[in-house]
Amino acid sequence: MKIAIIGAGATGLATAYYLSKKEHKVTIYESSNYIGGHASTFEINGTPIERAYHHWFRNDYEILQLCEEIGLSDQIGWHNSKVGTLFQGKIYNFNSPIDILKYTPLSIIDRFKLGLSTLKIQRIKSWKYVENVTAVEWLKKNAGVHAYKAFWEPMLRGKFGEEYYKEIGMSWVWGKIHTRLASRKGIMSKEKLGYPVGSFKFFFEKLYEKNIAQGVNVHLSTPITEIISQDNKVKGLRINKSSNLEKFDRIICTLPSDIFQKIAPGLNNTYISKLTSVDYMSAILAIIVTNQPISDKYWINIADREIPFLGVIEHTNLISSSNYSNKNITYLTNYTTKSDPLYKMSDQELLNEYIPHIKKINPNFNQSWIEEYHYHKIDNAQPVIRPNYSKIIPSYETSIENLYLANTTQIYPEDRGTNYSIRMAMDIAKIIEKSYNF
Ligand SMILES: Cc1cc2nc3c(=O)[nH]c(=O)nc-3n(C[C@H](O)[C@H](O)[C@H](O)COP(=O)(O)OP(=O)(O)OC[C@H]3O[C@@H](n4cnc5c(N)ncnc54)[C@H](O)[C@@H]3O)c2cc1C
């Protein structure tokens, strides 16, 4: 079969890999001049690093299996991750259940309630039992208001920003806790996070090379403007309005739902209503390269509402700074809507807004520590997972025959991540293979 894949991120490249393995004739179209999409890299002093912080968990089985297949499994480093929460001017460790008991901003009773709420989530066998309730409702009820405010709320705000955190479904928290705990060897063991030697760029390049070896055509800098269908059946696509129709038997689109809707004019209203019922957050990332570490943590959740960023992710506390000419690299992160004033700021305005608050992480911090600054804005970075989300997920098969959608809105109840992009790619490849043999 002649198959087109739109997008060369994790989903597009992996789908191409599985389908070309079955000897289908696959062509990928990618609008950027690089591969990797949301997990792509840029360079700091000649060394590649992700535009947005990225790591893998031990239970990211599908991507680890793919790494093995493409000869990468001995090229993944596993590193201890140190996690903390900044609350009322102090950074508290959150690496193991014992740390919950040491979380002194909460009374001893509230600490127990916090621990019990985590245990309770663990014991709930399926996300379906908590699907119809918001995380705020469930957590306040089960952990108490104090523990909610001091622990759970910062976690929700850190991911969904001011605008949406109160609307998030409890099934999202269920998915997060279950996948995070399953990634540890035991409940008391330390969490290790995976990172490919040479960055995610190395992973994508290997996958790209395998695709080329399997006969896949990849067109970079080639945005697709229209998917053509006739009598509700896919015919092909156009690179621009005046270009010829490129005919395909199957098309898989891996773009965010809003872009997909624009380039696929033949979709019916029922399918469009599913696409439009999921909102996305954008991610804004201010990346500072400093001559001294900001903290000793890889990941700090910010529970202080006066600080304008929601997370501090110090990459060089996971991967040694010796890989980056002994410089320290820290992402100051936020998830926002497009109407948020922070989203609208220029890169320099954002840095100026953030700088006074870095001292709250490290009182010794001085602006002169910053040797370089990079800024990335990623739209459609995180779908907003509200209660009863399973009922609004768009299916892989669209309303147009032989046209498929595979994007992060379809990952559930796990939080979107490259592992689940690979799982989705496997599923789509199976569906297409079945439709071919039918
Ligand atoms: C801030 C942040 C942190 C993250 N952290 C992690 C992490 O630690 N671990 C992890 O595993 N995952 C993480 N993720 C999630 C992960 O990056 C995504 O789930 C994954 O990369 C999505 O891949 P995708 O191929 O589905 O989509 P995308 O990566 O968005 O790929 C879609 C591709 O389509 C291209 N495109 C767009 N329009 C067109 C067009 N008209 N024609 C052709 N091509 C087009 C885009 O350029 C892009 O390359 C993170 C994401 C963000 C935003």
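The structure before you is a predicted model, in which local features need pLDDT of at least 70 and side-chain atom pairs count only at pLDDT 80 or more, while totals for chains, interfaces and linings use all residues. Residues are numbered from 1 along each chain as its sequence is written, and side-chain values use heavy atoms, with hydrogens and water left out.

Let me start with the overall division. The chain falls into domain 1 (2-79 + 196-278 + 394-437), domain 2 (102-189) and domain 3 (279-383); these bounds come from an automatic or database domain assignment. Taken over C-alpha atoms, the centres of domain 1 and domain 2 are separated by 32 Å. Between these two, nine residues of domain 1 are in contact with 12 residues of domain 2.

I turn now to the ligand. The ligand is surrounded by 30 residues, and the closest are Thr11, Glu30, His38, His54 and Thr418; a residue is near a molecule or strand if one of its heavy atoms lies within 4 Å of it. By type, the shell divides into 13 nonpolar, 15 polar and two charged residues. In this scheme Ala, Val, Leu, Ile, Met, Phe, Trp, Tyr, Cys and Pro count as nonpolar, Asp, Glu, Lys and Arg as charged, and the others, Gly among them, as polar.

For Ala10, a backbone N or O atom lies 3.1 Å from one. For Ser32, a polar side-chain atom lies 3.3 Å from an oxygen atom of the ligand. For His38, a polar backbone atom is 2.8 Å from an oxygen atom of the ligand. Taken alone, the ligand exposes 1000 Å², and the protein buries 91% of that; such areas come from the Shrake-Rupley method with a 1.4 Å probe, and for residues only the protein chains shown count as cover. The elements giving two or more residues to the shell are helix H1 (10-21) and H13. Helices (H or I, at least four residues) and strands (E, at least two) are DSSP runs, numbered from the N terminus.

Is Ser421 buried or exposed? With a relative accessible area of 8%, Ser421 is buried, where buried means under 20%, exposed over 50%, and partly exposed in between (1.4 Å probe, protein chains only). Leaving aside neighbours within four places in sequence, Ser421 is in contact with Ala10, Thr11 and Ile411. Glu433 is also found in helix H13 and is buried, at a relative accessible area of 18%. With the same exclusion of neighbours within four places, Glu433 is in contact with Lys22 and His24.

Next comes the loop between strand E19 (403-405) and helix H13 (418-437), which holds Thr409. Thr409 counts as buried because its relative accessibility is 1%. Its side chain makes a polar contact of 2.6 Å with the side chain of Asn407. A polar contact is a pair of N or O atoms within 3.5 Å; within protein, one must be able to donate a hydrogen and the other to accept it, and residues adjacent in sequence count only if both atoms are side-chain atoms. Not counting residues up to four places away in sequence, Thr409 touches Ser257, Val278, Tyr280, Pro383, Tyr389, Ile393 and Pro394. Pro413 also lies in the loop between E19 and H13, and a cis peptide bond, with omega of about 5°, joins Tyr412 to Pro413.

Strand E18 (residues 370-383) supplies my next examples, and Asn380 lies in it. Asn380 has a positive phi of about 55° although it is not a glycine, and Asn380 is buried, with a relative accessible area of 10%. His374 lies in strand E18 too and counts as buried at 18% relative accessibility. The side chains of His374 and Glu372 are joined by a polar contact of 2.6 Å.

I end with Asn232, in the loop between strand E10 (226-230) and strand E11 (233-238). Its phi is near 65°, a positive value in a residue other than glycine. Asn232 is partly exposed, with a relative accessible area of 44%.

Conventions
Contact = heavy atoms within 4.5 Å.
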